[in-house]
Amino acid sequence: MAFNGRWETESQEGYDAFCKLLGIPDDIIEKGRDYKLITEVTEEGDNFSWTQIYPTNAKVTNKFTIGKECDMETIGGKKFKATVQMEGGKLNVAFPNYHHTSEICGGKLIETSKAGSVVLKRTSKKL
């Protein structure tokens, strides 16, 4: 139940380079750069509901069960199938253009997205 709760971005590294790699327009990158992303997680055993609230109140919710294929969606609205794995307390999932890992470290939610050599690391505090 470590992921359960509401989280707010404290810091992020590699944001601009990662967004540019994904083809996000410069004006959207600018709006999101200092935005305090809110992540809401409900964890019940192996079942998760993971919601991220973006600037302009855009919202994406993905529901998944560890180890089972599910339907997911990106912030851009792209739908895809993925299987979220739990390895050493870390959630791992392959999105269409990058690999995403979430973990709790020192009471913080650490999310790392990698696309080739480009890495976005977001650290969030629990609200």
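Modeller: Contact here means that heavy atoms lie within 4.5 Å. By that criterion, and leaving aside neighbours within four places in sequence, K81 is in contact with E69, C70 and D71. The model is predicted, so local features need pLDDT of at least 70 and side-chain atom pairs count only at pLDDT 80 or more, whereas totals for chains, interfaces and linings use all residues. Residues are numbered from 1 along each chain as its sequence is written, and side-chain values use heavy atoms, with hydrogens and water left out.

Colleague: Where does K81 sit, and how far is K81 from N4?

Modeller: K81 belongs to strand β6, residues 79–83. Strands are DSSP runs of E with at least two residues, helices are runs of H or I with at least four, and both are numbered from the N terminus. Between K81 and N4 there are 77 residues along the chain, and their C-alpha atoms are separated by 23 Å.

Colleague: What makes K79 exposed?

Modeller: The relative accessibility of K79 is 62%, so K79 is placed in the exposed class. K79 is found in strand β6. Not counting residues up to four places away in sequence, K79 touches M72 and E73. K79 and H99 are 20 residues apart in sequence and 15 Å apart in space, C-alpha to C-alpha.

Colleague: How do you know whether S124 is buried or exposed?

Modeller: The relative accessibility of S124 is 0%, and S124 is therefore counted as buried. S124 lies in strand β11, which covers residues 118–126.

Colleague: Which residues does S124 touch, not counting residues up to four places away in sequence?

Modeller: S124 touches W7, E8, T9, E10, K108, L109 and E111.

Colleague: Why is G106 called exposed, and where is its place?

Modeller: G106 reaches 75% relative accessibility, so G106 counts as exposed. The place of G106 is in the loop between β9 (99–105) and β10 (108–115). From G106 to K125 the separation is 19 residues in sequence and 10.0 Å in space, C-alpha to C-alpha.

Colleague: What makes E44 exposed?

Modeller: E44 has a relative accessible area of 56%, and E44 is therefore exposed. E44 has its place in strand β2, residues 38–44. The C-alpha atoms of E44 and N92 are separated by 17 Å, and these residues are 48 apart along the chain.

Colleague: How many helices and strands does the protein chain hold, and in what pattern?

Modeller: The protein chain has two helices and eleven strands. Along the sequence they follow the pattern β-α-α-β-β-β-β-β-β-β-β-β-β.

Colleague: Why is the protein chain said to be as compact as a globular protein of that length?

Modeller: The globule rule is 2.2 Å times the number of residues to the power 0.38, and the radius of gyration is taken over C-alpha atoms. For 127 residues the rule gives 14 Å; the radius of gyration of the protein chain is 14 Å, close to that value, so the chain is as compact as a globular protein of that length. The C-alpha atoms fill a box of roughly 40 × 30 × 30 Å, taken along the principal axes.

Colleague: What share of the 127 residues in the protein chain is buried?

Modeller: Buried residues account for 39% of the 127 residues.

Colleague: Among contacts between residues at least 6 apart in sequence, what share join residues at least 24 apart?

Modeller: Of those contacts in the protein chain, 38% join residues at least 24 apart.

Notes: Buried means under 20% relative accessible area, exposed over 50%, partly exposed in between (1.4 Å probe, protein chains only).
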